[in-house]
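Dear colleague,

Please find below the structure that I am handing over to you. The notes that follow it set out what was found, and I would ask you to read them with the structure open.

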Amino acid sequence: GNSDGPRLEPSLNVPEDTISIDITSDGRIFALQAGDVLTELGQIELATFVNPAGLIQKGGNLFVESEASGPPIQGTPNDGQFGRIIQGFLEGSNVDPVKELVALIKTQRAFELNSQTIQAADEALQVIANLRRF
């Protein structure tokens, strides 16, 4: 799970005498129990989609499949197209704020230019309409 509460599916049964839990980069979950007993609890699977942009955003970093995204393709972490798992780390942002700000400014300038072009064309049409009256 995460701090918002969603849990892994399928859920895991963690023994009561567990001292610590370790997750390997390929998604295997191990519990260290009293008496230095290491028990494998399960395997985390990841999913990818043919068209990730087609996923429907539910909020809180949760997405659901749609017809546009295609069905989920499940697999083991650290295998081919699937990422790896690093226990105890937060995922960094994949957004570069400077690039996004520059893109926003470019878009705003393009919008202003288009607005001015439309306004100039409108004024030219008004002049032409006024000429026909004479």
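Predicted model: local features only at pLDDT ≥ 70, side-chain atom pairs only at ≥ 80, totals over all residues.

Gln 57 is placed in strand E5, which covers residues 56-59. Is Gln 57 buried or exposed? Its relative accessibility is 55%, so Gln 57 counts as exposed; the cut-off for that word is over 50%. Beyond its neighbours within four places in sequence, Gln 57 is in contact with Leu 62 and Phe 63. Gln 57 and Ala 110 stand 53 residues apart in sequence, and their C-alpha atoms are 29 Å apart in space.

Ser 66 belongs to the loop between strand E6 (62-64) and E7. Its relative accessible area is 16%, so Ser 66 is buried, as the limit for that class is under 20%. Which residues does Ser 66 touch, if those up to four places away in sequence are not counted? They are Gly 54, Leu 55 and Ile 56.

Strand E1 (residues 18-23) pairs with strand E2 (residues 28-33) in the antiparallel sense, over five bridges. Within this pairing, Ser 20 stands opposite Leu 32 in E2, and Asp 22 stands opposite Phe 30 in E2. The hairpin of E1 and E2 has four residues between the strands, and there Gly 27 takes a positive phi near 90°.

E2 also pairs with E3, again in the antiparallel sense, over six bridges. Phe 30 takes part here too, standing opposite Glu 40 in E3. In the hairpin of E2 and E3, with three residues between the strands, Gly 35 has a positive phi near 85°.

Gln 33 is another residue of strand E2. With a relative accessible area of 12%, Gln 33 is buried. Its side chain and that of Thr 39 are joined by a polar contact of 2.5 Å. Apart from neighbours within four places in sequence, Gln 33 is in contact with Pro 15, Asp 17, Thr 18, Ile 19 and Thr 39.

Ile 21 lies in strand E1. Its relative accessible area is 33%, and Ile 21 is therefore partly exposed. Together with Leu 8, Leu 12 and Val 14, Ile 21 forms a nonpolar patch on the surface, with about 280 Å² of accessible area in total.

Most residues other than glycine have a negative phi, and most peptide bonds are trans.

- Pro 10 is in the segment before E1.
- Asp 36 lies in the loop between E2 and strand E3 (37-43). At a relative accessible area of 67%, Asp 36 is exposed.
- Asn 78 is in the loop between strand E7 (73-75) and helix H1 (97-133). Its relative accessible area of 45% makes Asn 78 partly exposed.

How many residues apart in sequence are Leu 46 and Asn 78? They are 32 residues apart, while the distance in space is 9.6 Å from C-alpha to C-alpha. Leu 46 is in strand E4 (residues 46-48), and with a relative accessible area of 26% Leu 46 is partly exposed. When neighbours within four places in sequence are left aside, the residues in contact with Leu 46 are Ile 73, Gln 74, Gly 75, Pro 77, Phe 82 and Gly 83.

Yours sincerely

Definitions and conventions:
Residues numbered from 1 in each chain as written. Heavy atoms only, no water. Helix = DSSP H or I, 4+ residues; strand = E, 2+ residues; numbered from the N terminus. Buried < 20%, exposed > 50% of the residue type's maximum accessible area, 1.4 Å probe, protein only. Contact = heavy atoms within 4.5 Å. Pairing = 2+ DSSP bridges. Patch = residues over 30% accessible without salt bridge, like charges linked within 9 Å, V, L, I, M, F, W, Y side chains within 5 Å. Areas by Shrake-Rupley, 256 points an atom, 1.4 Å probe, with all protein chains shown as cover. Salt bridge = Lys/Arg side-chain N within 4 Å of Asp/Glu carboxyl O. Polar contact = N/O pair within 3.5 Å; in protein donor to acceptor, adjacent residues only side chain to side chain.
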